[in-house]
Amino acid sequence: MSSLILRAGTRILAPTMLLFSVFLLWRGHNLPGGGFIGGLVATSAIALQGIAFGPASVRRTLVFPPATIAGAGVLIAALSALPAALAGLPFFTGLWLKLNLGDGAVLPLSTPLVFDIGVYLTVIGGVCALIAALEEEPALEDQDTGG
Amino acid sequence: MMAGWLAAFVLVVPILSAGATTLAQGAPRLQGWLSLLGSYVLLVVSVALLLVVLRDGMVVLQSGNWAAPFGITFAVDSLGAVMTVIAAITGAACLTFGLGEIGEAERRAWFHPLSHVLLLGVCGAFLTGDLFNLYVWFEVMLIASFGLMTVGGTKAQIDGAVKYVALNLVATLMFLLAVALIYGLTGTLNFADIARSVPTVSNVGLLTAAATLLMAAFGMKAAVFPLFFWLPAAYHTPLVSVSAVFAGLLTKVGVYALIRAFTLLFTHDPGWTHTLLLWIAGLTMVTGVLGAAAQTEMRRILSWHIISQIGYMVMGLALATPLGLIGSVFYLVHHIIVKANLFLIAGVAARLTGSMELKRIGGLYRSAPWLGVLFFIPAFSLAGFPPLSGFWAKLVLVRAALEIGSWWIAAAALVTGLLTIYSMTKIWAEAFWKPHPAGEAAARPLGEAPTVMLLPISALAAGTVVIGLFAQPFYVVAERAALELLDPASYIAAVLGGAK
């Protein structure tokens with residue numbers, strides 16, 4: 001599909017949606033949001049780009065094949081469960097690292113955030129792989145599995 | 001604490017294997033090795049977990065350090081640990097066999113990552129101490145199995161997979177409904193907490209309805225009468241390594257769930273639930289074995305035998321005596337090894353002769369006599385010949401039935417055993433004894449099958465012989481698992497002890 005309006009709109013919408021997805025990922029700690037929904041919003045942005053500019057541009061944007069992104073996400077999520085062992089706590093216990101930024105501002109970094117980033121990547125990779133499988137001809141799929 | 005981490009690693013290892021094999025999709029050799037390594041590490045970890053459980057008693061893991069019943073609890077008793085080891089053995093055997101079977105096309109269809117996700121779901125189901133979590137692990141397992149079923153992409157496979165998916169979704173729906181009802185009645189989904197709350201539920205009728213719904217859901221996954229139709233429609237279509245894992249493990253997860261539900265959770269009305277289970281057991285045995293008698297394709301015959309064997313396992317549960325449960329646990333272990341092996345052997349036989357269809361093959365005894373020996377061991381163990389593993393399993397179950405005077409179920413078990421011999425003899429006579437219809441040269445010698453296929457078959461056959469000849473230690477473990485199952489109070493104490 002080639003539509004000037006869609007392409008012009010996508011140039012504004014897709015980056016905004018990506019930013020929003022990161023916001024959702026970040027805020028998902030204690031408020032509605034999180035890796036899963038953030039990943040879905042990010043995937044919508046990528047899908048929009050795919051519709052406007054074609055699958056090839058999506059591959060350039062993603063850099064890595066979707067399945068590789070999903071696999072890395074699964075590994076990151078699984079590894080986030082393990083630091084608890086070093087602290088002598090049970091599997092998947094959340095650990096927080098509170099960075100003091102001065103002026104009373106504290107940046108809490110935690111293993112649940114790492115887990116959420118893993119989920120975020122898994123959702124992006126998984127759903128993009130699904131969309132790619134539906135959108136593209138089998139010939140292009142070969143590149144997908146070549147990563 | 002350390003033991004809890006050991007249980008966690010039973011889940012972490014297959015997740016890491018799935019992730020790593022996904023990343024290695026572009027490097028075939030590396031992916032194969034990673035996959036194999038993952039399956040053997042899982043075997044080592046699960047054996048270590050079993051040893052710890054046998055030494056120190058139940059292992060309870062409150063993940064995320066959230067106390068039960070609020071967090072996600074994993075509770076590993078002897079049965080759970082034994083099942084995990086058997087799952088890991090089957091996984092390792094079938095992935096080793098797969099090295100010889102998986103071509104580039106199958107590899108590209110994500111055979112390796114999906115296999116590890118399947119093992120993850122199976123192990124999770126055996127370890128979890130929470131009803132909703134059990135549902136999640138069932139889903140993990142099913143989604144992977146949907147993918148594995150269509151690896152290869154032939155028309156027959158897609159046909160089988162569609163039936164498999166549709167009927168399993170019905171079971172999933174029933175499972176969810178039962179979960180919702182149970183949550184409404186007891187206000188909890190933690191196994192131990194449900195077990196504690198069940199005696200205080202005033203609406204016993206609705207509770208029994210929920211229990212029956214759960215029985216139907218697990219029964220469909222376990223392929224018991226009359227909910228088994230999806231199994232023979234699907235199991236003869238996938239790759240041999242896939243169908244061997246399915247045949248060995250998947251239905252047994254349903255049996256495991258039945259055992260868990262009707263020893264720990266719902267023992268409030270055994271007059272209804274356990275009588276129903278006993279009827280189901282008898283009918284499952286007989287219909288399964290009769291169905292097998294009508295088939296002429298190797299994997300179809302074996303699939304129908306899965307159904308009849310499930311009947312034996314449910315029978316021990318339905319009797320609800322210590323001896324009955326010992327029989328069920330022993331049968332589970334024996335059956336998974338024997339059945340996975342028979343599917344693998346059928347795969348090699350088809351490779352050497354060109355088909356799974358008995359009418360079109362033959363001559364294997366002349367061309368590959370050792371395959372005959374390898375087939376003889378699991379086949380006659382399945383039929384219950386002494387001194388193989390199946391003999392002890394059947395002996396314990398029949399004795400358990402006679403002990404409490406259930407004559408008809410004992411008779412059904414014996415008749416089913418007899419008819420099993422008929423089917424095994426049929427495979428023997430057709431595939432091994434009679435000459436190959438296309439001439440003597442059409443049956444190839446055993447040397448033409450890859451060694452990686454013969455190794456797991458020999459190892460599993462050796463396991464069958466060992467269980468048969470040295471049954472005592474296996475019996476002791478089964479007895480311990482059975483006694484734990486009959487003592488829900490200590491399960492509840494182990495899980496909720498800290499929370500009270």
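1. Among contacts in chain B between residues at least 6 apart in sequence, 79% join residues at least 24 apart, where two residues are in contact if their C-beta atoms, placed from the backbone, lie within 7 Å. This is a predicted model, in which local features need pLDDT of at least 70 and side-chain atom pairs count only at pLDDT 80 or more, while totals for chains, interfaces and linings use all residues. Residues are numbered from 1 along each chain as its sequence is written, and chains are lettered from A and ligands numbered from 1 in the order in which they are written.

2. The secondary structure of chain B comes to 21 helices and 2 strands, these being DSSP runs numbered from the N terminus, with helices (H or I) of at least four residues and strands (E) of at least two. The radius of gyration of chain B is 22 Å, close to the 23 Å that the globule rule gives for 500 residues, so chain B is as compact as a globular protein of that length; the radius is taken over C-alpha atoms, and the rule is 2.2 Å times the number of residues to the power 0.38. The C-alpha trace of chain B spans about 70 × 55 × 40 Å along its principal axes.

3. Of the 500 residues of chain B, 61% count as buried, a residue being buried if 20 or more other C-beta atoms, placed from the backbone, lie within 10 Å of its own. Strand 1 (residues 59-63) of chain B has 5 of its 5 residues buried, so this strand is largely enclosed by the rest of the structure. On one side of strand 1 of chain B lie B:V59, B:L61 and B:S63, and on the other B:V60 and B:Q62.

4. Strand 1 of chain B is joined by 5 bridges to strand 2 (residues 72-76) of chain B, and the two run antiparallel; strands pair if DSSP finds at least two bridges between them. B:V60 has B:A75 as its bridge partner in strand 2 of chain B.

5. Helix 1 (residues 2-23) and helix 2 (residues 28-56) of chain B have axes that come within 9 Å and cross at roughly 170°, the axes being lines fitted to C-alpha atoms over the stretch in contact, with angles from 0 to 180 degrees between N-to-C directions. These two helices of chain B are therefore roughly antiparallel, the label for angles over 145 degrees.

6. The contact between chains takes 20 residues from chain A and 20 residues from chain B.

Definitions and conventions
A residue is buried if 20 or more other C-beta atoms lie within 10 Å of its own, exposed if 12 or fewer, and partly exposed in between; C-beta atoms are placed from the backbone. Angles under 35 degrees count as roughly parallel, over 145 as roughly antiparallel, 65 to 115 as roughly perpendicular and the rest as oblique.
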